[in-house]
Amino acid sequence: MKSIIDENIPLASHIRPGHYNDMDMLEVGRIVGAPQSSFVMENETGLTRREEATHFGLWCFLSSPLLIGCDARKIDAETRQLVTNPFLLAMNQNDLGAEAKTILRKGETYILVKDCETIGGPSRFLALYNGGEADHEFAVEFYALDLAGQVAVFELGERADLGVFTHEVRMSVPPHGARFFRLDAERRR
């Protein structure tokens with residue numbers, strides 16, 4: 001999964017309506033320690049819940065086609081809640097077809113952004129991805145995202161309002177984790 005993400009982030013600039021990068025099938029539902037179906041290869045270990053959420057969220061953020069590659073009859077409630085999250089799906093099913101841009105890459109961590117309602121508008125999706133092996137503290141300056149004024153921050157995965165901020169937002173992301181947000185600013189910088 002990590003190698004697919006690393007390969008596709010630089011290709012995100014080629015996304016536009018009708019042209020999307022196919023990042024391959026989703027491996028959701030294949031959780032470490034859970035009973036597996038006959039579709040799982042012998043040497044596959046599966047994903048942790050965090051990795052599953054990162055996997056699905058980044059496929060949504062990068063506008064990949066969403067094809068579930070496990071036995072859908074056996075998806076548990078937690079995976080079902082993830083793959084039906086309307087806020088994550090909104091990033092993927094967005095008619096705008098906006099490209100995702102890398103704002104900052106530092107080692108195994110990325111800050112990614114893309115417009116969500118209009119190109120150049122004051123609403124943007126934000127992804128913080130930590131492909132490393134230790135917690136990472138992100139400091140995201142709204143200036144770098146071309147946003148200005150008060151910015152309302154909504155976390156898509158948790159379905160929660162985090163509040164209104166003016167200059168930056170700081171977030172911790174655990175290893176192999178990602179967090180996804182919708183930012184609604186007063187104006188574009």
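**Pocket, core and local features of the predicted model**

By class, 7 nonpolar, 6 polar and 8 charged residues make up the lining of the largest pocket. The structure described here is a predicted model. The volume of the largest pocket is about 460 Å³. Its lining comprises 21 residues, and R49, A53, L82, G157 and E158 are those that lie nearest the centre of the pocket. Two or more lining residues come from each of α2 (49–61), α3 (77–83) and β8 (177–188). The element that gives the most to this lining is α2, with 6 residues.

In soluble globular proteins, nonpolar side chains tend to be buried together.

By the rule applied, the count is 1 cavity of 30 Å³ or more. About 40 Å³ of space lies in the largest cavity. In terms of class, the cavity lining has 3 nonpolar, 4 polar and 2 charged residues.

A pair of aromatic rings is described by the distance of the centres and the angle of the planes. The search of the whole structure returns 2 aromatic pairs. In one of these, Y110 and Y129 are stacked, with 5.9 Å centre to centre and 20° between the planes. The pair links distant parts of the chain, since Y110 belongs to strand β2 (residues 109–115) and Y129 to strand β3 (residues 123–130), 19 residues apart. Y110 counts as buried because its relative accessibility is 3%, under the 20% limit. Y129 is likewise buried, with a relative accessible area of 3%.

A separation of 93 residues in sequence is found between T102 and I9, whose C-alpha atoms are 7.6 Å apart in space. T102 is placed in strand β1 (residues 101–106). With a relative accessible area of 37%, T102 is partly exposed.

Most residues other than glycine have a negative phi. D24, although not a glycine, has a positive phi of about 90°. D24 is located in the loop between α1 (2–8) and α2, and its relative accessible area of 48% makes it partly exposed. H176 is not a glycine either, and has a positive phi of about 60°. H176 lies in the loop between β7 (168–173) and β8. At 26% relative accessibility, H176 is classed as partly exposed.

Key:
Residues numbered from 1 in each chain as written. Predicted model: local features only at pLDDT ≥ 70, side-chain atom pairs only at ≥ 80, totals over all residues. Heavy atoms only, no water. 1 Å grid on protein atoms, 1.4 Å probe; cavity = no way out; pocket = protein on both sides within 12 Å on 5 of 7 lines; lining within 4 Å. Points joined across faces, edges and corners; volume = space filled by probe spheres on them. Helix = DSSP H or I, 4+ residues; strand = E, 2+ residues; numbered from the N terminus. Nonpolar A, V, L, I, M, F, W, Y, C, P; charged D, E, K, R; others polar. Phe/Tyr/Trp six-rings, centres within 6.5 Å; stacked < 30°, edge-to-face > 60°. Buried < 20%, exposed > 50% of the residue type's maximum accessible area, 1.4 Å probe, protein only.
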